[in-house]
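Open the model in your viewer and keep the selection tool at hand. The stops below go from the whole chain to single residues.

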Amino acid sequence: EDNKRRSFHVAVSAALRRGILAAASLGLIVVAARGAAATFAGTAYELRLGKAETAIQEAALTIACGFVLFEIVTTWIGSKFVQPKISIMPGEDEEFSPVSRLSTVVPLLKGAVAITILGVTGLVAISKLGVDITPVLAGAGILGLAISFGSQSLVRDVVAGIFYIADDAFRIGEYIEATRLKGTVEKISLRSMRLRHHNGHIHTIPFGQLGFVTNFSRDWVTMKFNLRLDRNTDIETVRRTTKKLGQELLKDEEYGQEFIQPLKLQGVAEIVETALVLRFKFSVRPGKPTEVQRLALKRILKAFAENGIIFATNAVIVQSTGSDPFERGGAASAEITRARLTSTATDNP
């Protein structure tokens with residue numbers, strides 16, 4: 001609440017400064033018009049300059065009213081929906097705090113308001129100066145049609161962005177994957193979006209090239225992982241130990257509130273020559289799944305050691321007995337070798 005109030009005061013101060021600067025500029029224009037009219041007083045240009053002075057004053061008043069309206073609306077929007085700064089700094093854990101859907105649309109809303117208010121104000125001001133705005137509107141329509149044909153990719157980006165926002169596919173602060181790129185949505189403009197990769201890279205992707213979007217920050221996340229245990233491990237002991245550990249994790253002061261479904265043993269995933277592969281899983285809120293998994297693995301290592309549950313190794317154990325045929329074959333070969341050596345010694349005294 002304090003941040004919102006502070007942001008509102010800063011925005012109001014900035015708006016007042018811009019309003020004062022605009023009023024001073026328009027005042028100079030009005031003073032210059034009056035000075036010109038006074039200079040040519042008593043001449044043939046007096047009437048014409050008088051009309052021009054009135055038109056300039058009306059146009060300046062229109063521009064001032066439009067500017068004030070623009071500042072009021074944009075300041076209210078900016079203070080009502082404060083945009084958080086989403087940035088992943090090196091050395092910090094990735095903690096995503098998605099904003100609301102309405103806050104995501106705020107930049108687009110401010111842009112639309114600015115174009116509408118300033119555009120209408122400009123046309124009215126021109127009409128006050130005695131310029132016929134009908135050809136201007138017709139020319140603007142033709143220019144817009146030409147631009148739309150000449151920049152089809154831009155139009156495609158804008159239209160695609162409108163549909164992505166309407167479908168609520170992503171919001172500022174959410175972690176997504178799009179076109180084989182992953183990152184946190186930092187900014188949404190009229191034609192593109194900016195993704196911050198967890199390694200710090202920034203990707204700017206036009207909406208027309210976005211393609212399918214995978215959102216990792218909605219509702220819940222299920223984490224699954226495998227552990228290789230000794231072949232002689234009692235699965236029931238592992239199940240009871242995991243269930244007890246899952247209940248303990250729910251009471252953890254820092255991460256207990258993150259769990260939706262506790263840690264549990266899902267079953268045997270695979271049986272290999274030297275290990276019994278078991279699968280575990282849990283469900284948490286989006287935002288800290290990897291941190292919770294690291295905590296779970298740390299607690300599992302300790303709990304398994306206390307309950308005599310042994311992890312598998314890659315060591316290969318070879319067992320042999322005296323009745324092994326290879327051993328008998330080796331003894332026979334040794335006897336034959338000794339007999340040959342004795343025969344050679346007899347033949348060569």
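Predicted model: local features only at pLDDT ≥ 70, side-chain atom pairs only at ≥ 80, totals over all residues.

Residues are numbered from 1 along each chain as its sequence is written, and side-chain values use heavy atoms, with hydrogens and water left out.

**Whole protein.** Select everything and colour by secondary structure: there are 8 helices and 8 strands (DSSP runs numbered from the N terminus, helices being H or I with at least four residues and strands E with at least two). Of the 349 residues, 29% count as buried (under 20% relative accessible area, with exposed meaning over 50%, 1.4 Å probe, protein chains only).

Next, select strands E4 (202-206) and E5 (213-215), the edge strands, each of which pairs on one side only. They belong to an open sheet of 5 strands in the order E4-E3-E2-E1-E5, paired antiparallel (pairing requires at least two DSSP bridges between two strands).

**Helix H5.** Now select residues 152-166, the 15 residues of H5. Which residues of H5 are buried? They are Asp-157, Ala-160, Gly-161, Tyr-164 and Ile-165. On the other side of H5, Gln-152, Ile-162 and Phe-163 are exposed. Finish at Asp-168, which follows H5 and has a positive phi, near 55°.

Technical notes. Expected span 1.5 Å × (residues − 1).
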